[in-house]
Amino acid sequence: MRTTITQASVAVVGASLFVAYFSLGLSNQPVKAARLDPVERGRYLVSTMGCHDCHTPKKMGPHGPELDLSRALSGHPEGSVLPPAPKPQGPWVATATWDLTAWSGPWGVSYPFNLTPDENTGLGSWSEETFIKAMRTGRHMGASRPILPPMPWESVASLNDEDIRSLYAYLRSLPPIHNRVPEPIIAGEPAAVD
Ligand code: HEC
């Protein structure tokens with residue numbers, strides 16, 4: 001009798017483990033699928049890594065500046081006229097505009113780029129290889145001048161290839177926004193415009 005009960009309990013426990021394992025497997029499926037979708041993974045990385053903070057223009061809300069998602073990731077707004085940046089003084093070396101889309105410091109003046117896939121003003125003409133190279137080397141378009149602060153390219157460079165590709169896939173999926181970001185002013189070099 002005892003043996004029978006034990007055998008029965010073993011069978012029940014075994015069956016529940018099997019059901020648990022099976023249902024875990026089932027409930028894991030959508031999570032795995034979401035993880036593998038590069039666009040969704042890229043959206044997640046862009047929002048958690050703070051890309052919007054600098055690359056999305058802001059609008060003033062009741063509690064201060066808010067992301068203007070109608071212009072998501074389109075960079076420093078073209079045509080916004082700024083006075084010259086204040087000179088760095090003492091320990092205060094870097095300055096940003098209220099919307100964080102223009103920065104000045106010992107490196108000069110930099111403007112977060114248009115990350116939407118607009119052909120002429122954004123990442124439209126960038127291949128995946130160009131994007132990966134820029135983020136891995138910290139060189140503009142992966143080949144020329146150094147990418148200026150405060151672009152945290154080192155953080156992006158610490159992602160694995162699959163994640164960098166996901167960033168690219170998500171940015172390519174955005175609606176293209178025509179917005180020409182000014183050329184940076186590089187300290188020690190004459191300004192291109194003005
Ligand atoms: C703290 C502000 C800041 C944050 C956060 C930020 N960026 Fe930038 N980003 C910039 C600035 C400023 C530039 C322009 C730098 C220049 O002109 O050299 C830039 C330029 C770029 C460029 C163009 C690089 C090139 O080759 O010229 C890409 C691509 C880019 N950012 C992607 C991203 C992504 C993806 C994220 C989020 C993981 C991100 N940025 C987060 C400030 C930022």
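## Overall fold

The model is predicted: local features need pLDDT of at least 70, side-chain atom pairs count only at pLDDT 80 or more, and totals for chains, interfaces and linings use all residues. Residue numbers start from 1 along each chain as its sequence is written.

Of the 194 residues in the chain, 23% are buried. A residue is buried if 20 or more other C-beta atoms lie within 10 Å of its own, exposed if 12 or fewer, and partly exposed in between, with C-beta atoms placed from the backbone. Among contacts with a separation of 6 or more, 58% join residues 24 or more positions apart; a contact is a pair of residues whose C-beta atoms, placed from the backbone, lie within 7 Å.

## Ligand shell

The ligand is surrounded by 24 residues, and the closest are Cys51, Cys54, Ala134, Leu148 and Met151.

By class, the shell holds 19 nonpolar, four polar and one charged residue. Ala, Val, Leu, Ile, Met, Phe, Trp, Tyr, Cys and Pro count as nonpolar, Asp, Glu, Lys and Arg as charged, and the others, Gly among them, as polar.

## Packing of α2 and α6

Helix α2 (residues 38–48) packs on helix α6 (residues 161–172) at an angle of about 95°, and their axes are 7 Å apart. Axes are lines fitted to C-alpha atoms, for helices over the stretch in contact, and angles run from 0 to 180 degrees between N-to-C directions. The two helices are therefore roughly perpendicular, since angles under 35 degrees count as roughly parallel, over 145 as roughly antiparallel, 65 to 115 as roughly perpendicular and the rest as oblique.

On the α2 side the contact includes Arg41, Leu45 and Val46, and on the α6 side it includes Asp163, Leu167 and Tyr170. The contact of α2 with α6 comprises eight nonpolar, two polar and four charged residues.

## Sheet

Four strands form an open sheet in the order β3-β4-β5-β6, paired antiparallel. Its edge strands, β3 and β6 (185–186), each pair on one side only. Two strands pair if DSSP finds at least two bridges between them. β3 and β4 are joined by two bridges in the antiparallel sense, and alanine 96 has tryptophan 103 in β4 as its bridge partner.

## Loops and backbone

Most residues other than glycine have a negative phi, and most peptide bonds are trans. Leucine 100 has a positive phi, near 60°. Leucine 100 sits in the loop between β3 (95–96) and β4 (103–105) and is partly exposed, with 18 other C-beta atoms within 10 Å.

The loop between α4 and α5 contains methionine 141, whose phi is also positive, near 55°. Methionine 141 is partly exposed, with 15 C-beta neighbours inside 10 Å. Serine 144, in the loop between α4 (128–137) and α5 (153–157), is exposed, with 9 other C-beta atoms within 10 Å. Proline 150 lies in the loop between α4 and α5, and the peptide bond from proline 149 to proline 150 is cis, with omega near -5°.

How values were computed:
Near = placed C-beta within 6 Å. Contact = placed C-beta atoms within 7 Å.
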